[in-house]
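Here is a friendly walk through one protein chain, with the structure open beside the text. Please keep the viewer at hand while you read.

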Amino acid sequence: MTVWTEDRITRLKSLWRDGRSAESISRDLGAGISRSAVLGKVHRLGLSALRPEPAVGENRPRPAASERARPMGGARSEVPHASTVSTTVGRRTVLTVRRRECRWPLGDPLQPGFSLCGCPVSRGAFCSDHAAIAYRGAPQTFEQLARLAGV
């Protein structure tokens with residue numbers, strides 16, 4: 001006995017053409033049909049080609065800033081905070097930054113004021129201030145390892 005009745009398949013096709021997500025379709029169909037099951041059925045039925053393309057320039061929903069940049073575990077390090085680094089010198093855009101200029105991002109990439117540092121590079125792709133934040137040596141002592149582990 002399959003959960004994919006003709007009625008459900010018809011409903012799946014209709015919802016998929018309307019642009020609904022696989023998760024919302026699975027909730028709508030209910031009765032043990034998961035998001036993965038919906039995506040599998042869509043693939044097997046060849047419905048991906050029937051999905052309407054988003055209009056050019058259409059704004060898609062983006063995750064909130066708190067969801068985009070989640071901090072890693074509870075490890076704390078003694079790295080200079082980004083706010084202590086000068087952000088007023090040499091601002092560049094992605095299109096104007098040159099080969100030997102710092103590529104440290106300043107601000108939120110989704111906001112209009114986003115730019116790159118642009119100061120002269122000292123290590124890798126960053127100036128000395130930003131390299132101190134980006135590149136950290138491996139902990140050498142037991143105490144440093146314990147601090148990194150949050151113990």
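**Confidence and ground rules**

This is a predicted model, in which local features need pLDDT of at least 70 and side-chain atom pairs count only at pLDDT 80 or more, while totals for chains, interfaces and linings use all residues. Residues are numbered from 1 along each chain as its sequence is written, and side-chain values use heavy atoms, with hydrogens and water left out.

The pLDDT is the predictor's confidence in each residue, on a scale from 0 to 100. The chain averages 75, and 70% of the residues score at least 70. Over residues 65-84 the pLDDT is below 50, and this stretch has 14 contacts in the model beyond near neighbours in sequence; a contact means heavy atoms within 4.5 Å. Where pLDDT is low, the predicted coordinates should not be read in detail.

**Overall layout**

The chain holds 6 helices and 2 strands. These are DSSP runs numbered from the N terminus, with helices (H or I) of at least four residues and strands (E) of at least two. Along the sequence the pattern reads α-α-α-α-β-β-α-α.

Of the 151 residues in the chain, 23% are buried. Here buried means under 20% relative accessible area, exposed means over 50%, and partly exposed lies in between, using a 1.4 Å probe and protein chains only. Among contacts with a separation of 6 or more, 45% come from residues 24 or more positions apart.

**How the helices pack**

Let us begin with helix 3, residues 35-45. Its buried residues are Val38, Gly40, Lys41 and Val42, and what covers them includes helix 1 (6-17) and helix 2 (22-29). Gly46 follows helix 3 and has a positive phi, near 70 degrees.

The table sets out two of the helix contacts. Axes are lines fitted to C-alpha atoms, for helices over the stretch in contact, and angles run from 0 to 180 degrees between N-to-C directions.

| Helix pair | Angle between axes | Axis separation |
|---|---|---|
| Helix 1 and helix 3 | about 90 degrees | 11 Å apart |
| Helix 2 and helix 3 | roughly 105 degrees | within 8 Å |

Helix 1 brings Ile9, Leu12, Lys13 and Trp16 to the contact, and helix 3 brings Val38, Leu39, Lys41, Val42 and Leu45. By class, this contact of helix 1 with helix 3 has 7 nonpolar, no polar and 2 charged residues. For these classes, Ala, Val, Leu, Ile, Met, Phe, Trp, Tyr, Cys and Pro count as nonpolar, Asp, Glu, Lys and Arg as charged, and the others, Gly among them, as polar.

Helix 2 and helix 3 are also roughly perpendicular to each other. In their contact, Ala22, Glu23, Ile25 and Ser26 of helix 2 meet Arg35, Val38 and Leu39 of helix 3. The residues of the contact of helix 2 with helix 3 divide into 4 nonpolar, 1 polar and 2 charged.

Which residues of helix 2 are buried? They are Ala22, Ser24, Ile25, Ser26 and Leu29, and they pack against helix 1 and helix 3. Ser26 has a relative accessible area of 9%. Leaving aside neighbours within four places in sequence, Ser26 is in contact with Ile33, Ser34, Arg35 and Val38.

Just after helix 2, Gly30 takes a positive phi of about 60 degrees. Arg8, in helix 1, is 22 residues from Gly30 in sequence and 9.8 Å away in space, C-alpha to C-alpha. With neighbours within four places in sequence set aside, the contacts of Arg8 are Val3, Leu29, Gly30, Ala31 and Ile33.

Now to the aromatic side chains. The structure holds 2 aromatic pairs. Rings of Phe, Tyr and Trp (its six-membered ring) pair if their centres lie within 6.5 Å; planes under 30 degrees apart count as stacked, over 60 as edge-to-face and the rest as tilted.

Trp104 and Phe126 form an edge-to-face pair, 5.3 Å centre to centre with 75 degrees between the planes. This pair links distant parts of the chain, 22 residues apart: Trp104 sits in the loop between helix 4 (65-68) and strand 1 (105-106), and Phe126 in the loop between strand 2 (115-116) and helix 5 (128-134). Both Trp104 and Phe126 are buried.

The rings of Phe126 and Tyr135 have their centres 5.8 Å apart and their planes at 50 degrees, so the pair is tilted. Phe126 counts as buried at 15% relative accessibility, whereas Tyr135 counts as partly exposed at 30%.

Methods:
Parallel < 35°, antiparallel > 145°, perpendicular 65-115°, else oblique.
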